Amino acid sequence: MKKTLFLIILAFSLMTSAQKSRNLGNVTVTASRPMKEIGVQKTSFDSTQLKESIAQSMADILAFNSSVYVKSYGRAALSTVAFRGTSPSHTQVTWNGMRINNPMLGMTDFSTIPAFFVDRASLLHGSSSVNEAGGGLGGLVRLGTAPDMPEGFGAQYVQGIGSFRTFDEFARFTYCNDRWASSTRVVYSSSPNDFKYVNHDKKLNIYDDEHNIIGQYFPTERNRSGAYKDLHLLQEVYYNNQRGDRLGFNAWFINSNRELPMLTTDYADDTDFDNRQHERTFRGVVSWDHSRSSWKTALRGGYVNTLVKYDYSRQVAPGAPMAAMTRSRSRIHTLYGQAEGEFTPSRKWYFTMGLAAHQHFVKSIDRKVADANGGDGLVGYDKARIELSGSASVKWQPVERMGLSLVLRQEMFGDKWSPLIPAFFIDGVISRSGNITAKASVTKNHRFPTLNDLYFMPGGNPDLRDEDGFTYDAGLSFDVGKSDRFSLGGSVTWFDSRIDDWIIWLPTTKGFFSPRNVKRVHAYGIETKLNLGVQPFKGWFLDINGSYSWTPSVNDGDRISAADMSVGKQLPYVPRHSAAVTGRIGWKSWAFLYKWCFYSERFTQSSNENSISGHLPAYFMNNVTLEKGLRFKPLDLSLKFAVNNLFNEQYLSVLSRPMPGINFEFFIAVTPRF
Amino acid sequence: MKSRSALFVIPVLLAASASCMKWDYGEPEDFTAHGEGLFIVCEGNFQYGNSSLSYYDPQTRTVINDAFYRANGYKLGDVAQSMTCYDGRGWIVVNNSHVIFAIDPVTFRETGRITGFTSPRYIHFISPEKAYVTQLWDNRIFIVNPSTYQITGYITVPDMTMEQGSTEQMVQWGDYVYCCCWSYQKRILRIDTRTDRIDAQFETGVQPVSLSLDRFGKLWILTDGGYDGNPAGYESASLYKVDAATLEVERQFQFRRSDTPSELQLNGTRDTLYWLNNDVWRMDVRSTRPPVRPFLKERDTRFYGLTVDPVRGDVYVADAIDYQQQGMIYRFTSDAAPVDSFYVGVTPGAFCWN
């Protein structure tokens, strides 16, 4: 039944193509392809998609606008992104060119990236990530800011008030003239986040006078220990000398104070415990872009400073102060430098070279205990690692309808060199009518273990092998349209990846976890996208973006023992099917947005048991937004009402992590006119 | 125009009709488990909340998996650590759910629960009205009244902070309970059960993790030796024999540095020791030399739990496989002949004989 519904939803997108007409807006239909993107499988997000849900994080934007798998540990809690049946640590993430994956964990928490701070975002699927970085065995998320802003002074203030006493405040101040541009953005979000939900994982007892259980029921509980206060500041300054040089400065400061929500299976009194993560991160990038008619160079330098404090404490007696049980401190300093060059000697040839360096200094202290001599001893590690990544590429378009691209990349992490990472891309226009283009790519990628994988205390395994991935994909895309009437584009891509020496953390008999290379994984499947823009009548517009992925990702290794039932089974927490559809209808100053996403059943065990804890049922999520713009002489006003989880679905993204039911938020945006 | 309207209406209807996630919570089942049986506590994965309880009847060789959930209609919780059967009830300590469930061992139905713990590990009964519960990240052993399901007091461990707190397995000899302090510790406590006070303690090697008391009044203590970089020390694991009366160390068997012994167990007559060290090992408690060959050789297995049938002497060893799927229990006779094998829940780590 689920599959049938799925196909109907997909068919819906196709069906609409027969009734089209639309305002093209930001969709460009053209037969020419940028040489830089020959054969590249990319999903781009336009500014509408990024700004339509101002209070949402990039995790939500990606969940509703692409078919990558977003695994969320709760509202305002860790959210990770995985491509094509791989793990979150196989997703590389860059911000203004700088890799921002946590060097300790390898992954990125997308719940801490406000969509309000991102002007440009795109996904590079599979081999296409090699154009930007190595190690993206699943793909790469490219985030960035843009210097494009209106001339003169500009300001915007948005206040959001939502369910669970959620307050979101956004402000942006810009100034731009022909040479200088400056933007300051602030986001502050806070909420006790104590949404109600029916806890199906436990029952409360009803007792008689002799303490016999005479009844039980699933309690309606509140999300416990889920409060958050997040502050983000982003300052950008750009200088353009109008002769092809642009200097940029971007600084992003995060101060996040979040409680870690209790599990649904926890019987503790939340007032007895304080379980909290406090993160302060500064990311700064300076850049110089130098452009001439046939060549470009870019230099970037950056610095990241992250302090993550994790505190777990409890009150041992009424009125007593909290006593620390765990005090974990992680300090990361990262120095970043990058040089890139592009050269276009003719219309047929395009060369690039790049070298990026990330120097990490990590000090991770898990806790303080008495050492063997009775003094203070620290449990943790203090390590530095240089990560170099160099690449060269040549792109050739022998005829207008065909392009070839070869990328060679090599990386060095610490004192270990990766093998050469080659990636080959080809594309060609099969038919000018419909702009039907075929694309294919193949790569052999390589990923180094993270610093925690190697050195975490206790459990780090310095003997880990690197992960190797081989992937290829092939697909077709099309774009058709009629100016000011409609545009329709779509693509379908087959991909196939094999990853060896997959790193996974497993328990040990000593009571801690330790990473091992255990699996050979075969991930394959299909990705489809469809975008439709129609302008049916004057003043109306309709946008529909849909995506769907079928991603079998199976353990292709040898059986550990005769009892091992995991071989040939889908990896835990990788849905076979994921889909998202976003529809936007606009009429004059009104806009109605419907967002829908779907994840199929996810298994939590490698053997794909269909038991109560062995799987998470499929779920659909529906969000709607209604927006009205008002224009006054001194300012523009925008009123927006958003409903999340429209059908009040009780669902789980991760086992034992409660998710909110239907919730609302009202926004008022004020944009003064200068 | 009609078709355009449909364009807007269809997705809404589809979404509405397809918006319900299917939950599989069923009605509690009725069970009647007769005779002596073996409970297998499967700890599951940390923070997954997927612990489970299995029940095995050695006579009929039948197994009931997910017994707690199926009998009660809700989950056992996160990281079920241990289980103790006492006075006609089974007491399951669910570490990261901060709860101890009491169940009827025949129906598997809950009869009560004790909450308010920091990070409970093991429960040891002194009487029907008093039991001790050890903790991680707490410098106190909790005293509970099992008949009222209340915490009634604490035994504070001297020279131990909350942050480095760890009290673990317990055994009783007369009026004294001995408790090993494991994580970042290296000592054994002696608690006088008449006063609920620690009246003696002695030092062992680094991180004593497992504790048994043989029929001759000797404590057997297994240390895991810590790990490289452990501020409390890193050394080879050891097996200690200590006189419970005098607290004198009578013997120490040292393992190789790479060894990771665990799960010290005794047979029903309490004269034969068993433990895991990749393989399963066995030693007479009167032996003066450690065994040179394992009792059972591992065969691509990851042994994680061990018990010995107190009546038949059969040895049960739990294989966690990859820690992410149903584990396997292998049953052998005391002569190491295979008898049976059966799947249980994820990461089977502890046993309890009813």
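Residues are numbered from 1 along each chain as its sequence is written, while chains are lettered from A and ligands numbered from 1 in the order in which they are written.

**Confidence.** pLDDT is the predictor's confidence in each residue, from 0 to 100. Chain A averages 90, and 94% of its residues score at least 70.

| Element of chain A | Residues | Mean pLDDT |
|---|---|---|
| helix α1, lowest | 2–16 | 36 |
| strand β15, highest | 228–240 | 97 |

Over residues 1–31 of chain A the pLDDT is below 50, though this stretch still has 68 contacts in the model beyond near neighbours in sequence. A contact means C-beta atoms, placed from the backbone, within 7 Å. Where pLDDT is low, the predicted coordinates should not be read in detail.

**A helix inside.** Helix α3 (residues 58–65) of chain A is largely enclosed by the rest of the structure, because 8 of its 8 residues are buried. Buried means 20 or more other C-beta atoms within 10 Å of a residue's own; 12 or fewer makes it exposed, and in between is partly exposed. Among the buried residues of α3(A) are Asp60(A) and Asn65(A).

**A sheet in chain B.** Four strands make an open antiparallel sheet, ordered β12-β13-β14-β15. Strands β12 (170–173) and β15 (197–203) of chain B are its edges, and the twist averages 25° from one strand to the next. Pairing takes at least two DSSP bridges; β12(B) and β13(B) (residues 176–181) share 4, with Gln172(B) opposite Val177(B).

**Cores.** A nonpolar core is a set of buried Ala, Val, Leu, Ile, Met, Phe, Trp, Tyr and Cys residues joined through C-beta atoms within 7 Å. The largest has 96 residues, of which Val41(B), Ile92(B) and Cys179(B) touch the most other members. Leaving aside neighbours within four places in sequence, Val41(B) has contacts including Leu53(B), Met83(B) and Cys352(B).

**Chain B overall.** Chain B holds 2 helices and 27 strands, and 53% of its 354 residues count as buried.

Technical notes. This is a predicted model: local features need pLDDT of at least 70, side-chain atom pairs count only at pLDDT 80 or more; totals for chains, interfaces and linings use all residues. Two residues are in contact if their C-beta atoms, placed from the backbone, lie within 7 Å. Axes are lines fitted to C-alpha atoms, for helices over the stretch in contact, and angles run from 0 to 180 degrees between N-to-C directions.
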